[in-house]
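Q: Hey, I have a new structure open and I'd like a hand finding my way around. Can we go through it together?
A: Happy to, let's take a look.

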Amino acid sequence: MDDSIVVRAPGDRQIVLSRLFEAPARLVFAAFTQPELLVRWYGAQGWRLVRCDIDLRVGGRWRFVSQGPDDSRMTQSGVYRQIDPPHRLVCTELFDDQSYPGETLVSHEFTELAGRTTVTTTLLYATAEGRDTVLRYPMTRGIGQSFTRLAELLRTTTTTRGEQR
């Protein structure tokens, strides 16, 4: 399997990321929405979630607090706008110490074919300047590292909360 993440920047306010995972969509969707799974993969190398609050309903809020090297912290939060398990998840995103203006709309599409799932994430920034700022960060490396951890988790996870083993 190709472990690479594909990054495109169509238009002036979007970033689109995609990666194929060797797991069914229901498991990948669960990994994006269940705190007990998110804490096992979310974050670049050296970072980990120390708080993961999810109210998974339209209008529900989420909040992630990540801890990194030298005890640095990063907090991001938002509101769920659309939830269609295991196909689509849409939410807003705002960082506590954000370096660009406005809220970002994050849309995750989970497309399964023959037991493998492609995750396509579209980030729609409030401004072109915000998108350009994010493109200057090591975002591709960080998300790539996080998705590598997710792929490892999916190799060892066969059930989600509420399913019979």
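Q: Great. How many helices and strands does the protein chain have?
A: The protein chain has 4 helices and 8 strands. Helices (H or I, at least four residues) and strands (E, at least two) are DSSP runs, numbered from the N terminus. Starting at the N terminus, the elements go β-β-α-α-β-β-β-β-β-β-α-α.

Q: Where does this model come from, and how are residues numbered?
A: This is a predicted model, where local features need pLDDT of at least 70 and side-chain atom pairs count only at pLDDT 80 or more, while totals for chains, interfaces and linings use all residues. Residues are numbered from 1 along each chain as its sequence is written, and side-chain values use heavy atoms, with hydrogens and water left out.

Q: Thanks! What about the overall size?
A: The C-alpha atoms fill a box of roughly 45 × 35 × 30 Å, taken along the principal axes. The radius of gyration is 15 Å, which agrees with the value near 15 Å for a compact globule of 165 residues. That radius is taken over C-alpha atoms, and the globule rule is 2.2 Å times the number of residues to the power 0.38.

Q: What share of the residues is buried?
A: Of the 165 residues, 44% count as buried. Buried means under 20% relative accessible area, exposed means over 50%, and partly exposed is in between (1.4 Å probe, protein chains only).

Q: Which residues are buried in helix α3?
A: In α3, residues 128-136, the buried ones are A128, G130, R131, T133 and V134. Their cover includes β2 (14-21) and α4 (139-156). Cover here goes by contact, meaning heavy atoms within 4.5 Å.

Q: OK, new topic. I clicked on E93. Where does it lie?
A: E93 lies in strand β6, which spans residues 88-95.

Q: Is E93 buried or exposed, and what about a salt bridge?
A: E93 is buried and has no salt bridge; R61, the nearest side chain of opposite charge, is 12 Å away. For charges, Lys and Arg count as positive and Asp and Glu as negative, while His and the chain ends are not counted. A salt bridge needs a side-chain nitrogen of Lys or Arg within 4 Å of a carboxyl oxygen of Asp or Glu.

Q: So what does E93 touch?
A: Leaving out residues up to four places away in sequence, E93 touches W62, Q76, S77, Q98, E103, T104 and V106. With Q76 there is also a side-chain polar contact of 2.9 Å. A polar contact is a pair of N or O atoms within 3.5 Å; within protein, one must be able to donate a hydrogen and the other to accept it, and residues adjacent in sequence count only if both atoms are side-chain atoms.

Q: How many salt bridges are there by that rule?
A: The count comes to 8 salt bridges. One of them joins the side chains of E22 and R116, at 3.0 Å from N to O. This pair links distant parts of the chain, with E22 in the loop between β2 and α1 (25-33) and R116 in strand β8, 94 residues apart.

Q: What does E103 pair with?
A: E103 forms a salt bridge with R81, where the closest N and O atoms are 3.9 Å apart. R81 lies in strand β5 and E103 in the loop between β6 and β7, so the pair ties together parts that are 22 residues apart in sequence. R81 is partly exposed at 48% relative accessibility, and E103 is partly exposed at 40%.

Q: Last topic: what's up with the backbone at P85 and P86?
A: The peptide bond from P85 to P86 is cis, with omega near -10°. P86 sits in the loop between β5 (73-84) and β6. As background, most peptide bonds are trans, and most residues other than glycine have a negative phi.

Q: Which residues have a positive phi without being glycine?
A: D70 is one of them, with a phi of about 55°, in the loop between β4 (61-67) and β5. D70 counts as exposed at 80% relative accessibility. A114 also has a positive phi, near 55°, and is found in the loop between β7 (104-113) and β8 (116-124). A114 is exposed too, with a relative accessible area of 75%.
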